[in-house]
Amino acid sequence: MSKLVQQATTELRNIIRTAMEKACANGELPQADIPEFSIEVPADRAHGDWATNAAMVSARAFHAAPRKIAEAITNNLALNGTYFDRFEIAGPGFINFFLSKQFYVDVLKDIETLGDAYGRSEYGQGKKIMVEFVSANPTGPMHMGNARGGALGDCLAAVLDAAGYSVWREFYVNDAGNQIEKFGNSLEARYLQIYKGEDAVEFPEDGYHGDDIKERAAQFSKEFGDRYVNVESSVRQKALVDFALPRNIAKMQADLAKYGIQYDEWFLESKLHNDGELNETIQILKDKGLTYDKEGALWYRATTFGAEKDEVLVRQNGNPTYFAADIAYHRNKFAKRGFDRCIDVWGADHHGHVARMKAAMDAVGLDGSKLDIVLIQLVRLVRNGEVVRMSKRTGKAIQLADLLDEVPVDAARFLFNMREATSQMDFDLDLAVQQDAQNPVYYVQYAHARICSILKALKAEGIEPRACSDEELSLLNTQEEIDLIRHLSAYTDEIVAAAKDYDPARITRYVITLANLFHKFYNTCRVKDEEDRLRAARICLCKATATVIRNVLSLLKISAPESM
């Protein structure tokens with residue numbers, strides 16, 4: 001909550017409570033303990049800027065009708081020296097309060113003072129939070145789910161940072177286990193087919209069939225020739241994986257960097273194997289009596305923690321399962337690195353894994369409630385109103401890299417953040433490249449550029465922004481000006497709400513509304529031709545709006561152009 005909103009809320013709570021105490025003291029209300037009451041923003045601001053249900057919730061305590069209680073409260077309200085200048089009783093007993101001009105004046109002064117820091121708060125108290133997102137399998141290119149997950153995960157991390165948390169971004173690389181074996185088998189088959197022919201070398205039925213595997217095998221062949229054709233399979237596969245995997249990871253890093261995403265760490269699953277943490281985690285479960293042997297495999301008693309079935313930890317061949325590594329990885333996050341809370345951003349197809357992963361944290365002696373999962377629904381690409389599955393450039397399924405070749409990064413990051421993660425969404429490829437008000441990111445960027453152009457034009461005529469007195473800023477009293485300043489005042493609260501709900505789309509919606517309110521203000525209120533005092537105040541409002549738009553776009557890693 002912003003400093004001013006916090007101050008106003010505290011003031012309002014105090015004056016309501018004081019009024020109730022006075023009413024009890026002078027006999028307008030009977031003596032009774034004052035119950036807890038809420039202060040909320042009405043859906044329709046014409047009914048007040050804030051409203052309280054104090055009279056409604058006090059009916060039982062005071063044995064009186066809410067309307068009568070509301071009248072007793074308002075008879076004893078003292079608003080002098082607060083951010084409120086009037087009130088009214090509404091309906092059966094709600095009390096609505098209206099903000100004074102000083103509140104709006106102080107909002108603009110606050111934005112001017114804080115500048116780039118406006119919107120940031122200490123809500124999170126520096127608690128350590130990890131956001132792990134994308135974490136795509138390194139055996140192939142990234143798809144559309146990763147494009148949406150990348151934008152949402154990165155913007156969620158940014159929102160949490162702005163809300164005062166200590167945030168760590170992480171990509172978990174599955175560079176061990178069954179998928180790497182499958183990767184090695186697939187590369188080996190494609191490599192041998194180069195020299196022996198496709199008919200002579202059978203491709204694994206469960207192998208990776210993508211062209212990317214053929215490309216890596218061809219690159220390996222170009223560098224090493226037939227050196228690995230006649231060696232043991234294990235040697236050949238290791239050489240192929242050691243060659244291809246780092247290149248795949250580097251490609252992922254490059255694509256995500258182009259997308260504006262930088263991680264604090266790319267955590268390798270193999271580290272858990274090599275450092276003994278995986279075996280250590282399995283031993284903890286053994287020591288707690290939560291494992292048993294069956295048909296040559298080691299099983300985890302997941303049903304002890306409410307699961308429908310038990311889970312395999314170590315297969316008959318001695319290889320740990322993905323689930324075992326996942327438990328060790330999350331134990332590493334909490335127990336080894338000390339994160340207060342961990343957020344995983346997963347595809348919706350992983351929903352069945354959520355409960356068992358949280359329960360596994362309880363099983364190893366940690367607190368599963370501190371692990372939160374954000375599930376992302378599917379995204380469909382649409383062009384000309386029809387679903388698109390193939391890239392125009394390659395003729396194959398569209399990958400993240402293809403999308404970023406076709407669509408500006410600003411548009412991709414913004415549009416993927418338009419809807420909350422739990423909603424399925426259509427990504428309109430035509431809309432993403434439009435340069436008009438129909439494109440939400442263009443609409444917001446244009447508002448910023450428009451303000452910059454206004455200030456530049458005024459400067460050309462010798463009119464510079466200047467500090468304004470409270471009296472001058474209080475001249476901003478049209479409905480358009482009040483609506484705009486009120487929305488500016490809500491930015492910090494929106495960030496906190498987005499952080500609490502793990503919903504960075506709130507910030508995207510906030511800035512679209514901000515741009516809309518600015519355009520309404522500018523189309524109604526003249527800036528240039530007004531007398532000096534009002535003109536200076538409106539210039540101040542323009543600058544404050546530009547600051548907040550820029551802060552939002554910066555948070556989302558989207559550019560804020562000064563001309564368009």
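Helix α4 (residues 66-75) buries Ile69, Ala70, Ala72, Ile73 and Thr74. This comes from a predicted model. An α-helix has 3.6 residues a turn, so residues three or four places apart point the same way. The cover over the buried residues of α4 includes helices α1, α2 (54-57) and α3 (59-62). Strands β3 and β4 are also part of that cover.

**The sheet**

Strands β3 and β4 belong to an open sheet of 4 strands. Its order is β1-β2-β4-β3, and the pairing is antiparallel. The edges are β1 (39-40) and β3 (84-90), each of which pairs on one side only. Strand β1 is held to β2 (residues 50-52) by 2 bridges, and the two run antiparallel. Glutamate 40 has alanine 51 of β2 as its bridge partner. Helix α1 (residues 3-25) packs on this sheet and touches β1, β2, β3 and β4 (94-99). The direction of α1 makes about 30 degrees with that of β2.

**The nonpolar cores**

In soluble globular proteins, nonpolar side chains tend to be buried together. Here the largest nonpolar core has 154 residues. Leu160, Leu256, Tyr259, Phe416 and Phe427 touch the most other members. Helix α22 (residues 532-555) gives the largest share, 14 residues. Another core, of 31 residues, lies apart from the largest one. Phe267, Val354, Ala363 and Ile373 are among its members.

What does tyrosine 259 touch, not counting residues up to four places away in sequence? Its contacts are Ala147, Gly150, Ala151, Leu400, Leu404, Val409, Ala412, Arg413 and Phe416. Phe416, one of these, is also listed with Tyr259 among the residues that touch the most other members of the core.

**Asparagine 137**

Asparagine 137 sits in the loop between β5 (128-132) and α6 (144-162). Is it buried, partly exposed or exposed? Asparagine 137 counts as partly exposed because its relative accessibility is 30%, between the 20% and 50% cut-offs. Leaving aside neighbours within four places in sequence, asparagine 137 is in contact with Gln179, Tyr208 and Met252. Two distances place this residue.

| Pair | What is given | Distance |
|---|---|---|
| Asparagine 137 and threonine 139 | Side-chain polar contact | 2.8 Å |
| Asparagine 137 and phenylalanine 87 | C-alpha to C-alpha | 59 Å |

Asparagine 137 and phenylalanine 87 are 50 residues apart in sequence. The polar contact with threonine 139 joins side chain to side chain.

Technical notes
Residues numbered from 1 in each chain as written. Predicted model: local features only at pLDDT ≥ 70, side-chain atom pairs only at ≥ 80, totals over all residues. Heavy atoms only, no water. Buried < 20%, exposed > 50% of the residue type's maximum accessible area, 1.4 Å probe, protein only. Contact = heavy atoms within 4.5 Å. Polar contact = N/O pair within 3.5 Å; in protein donor to acceptor, adjacent residues only side chain to side chain. Pairing = 2+ DSSP bridges. Axes fitted to C-alpha atoms, helices over the stretch in contact; angles between N-to-C directions. Core = buried A, V, L, I, M, F, W, Y, C linked by side-chain atoms within 4.5 Å.
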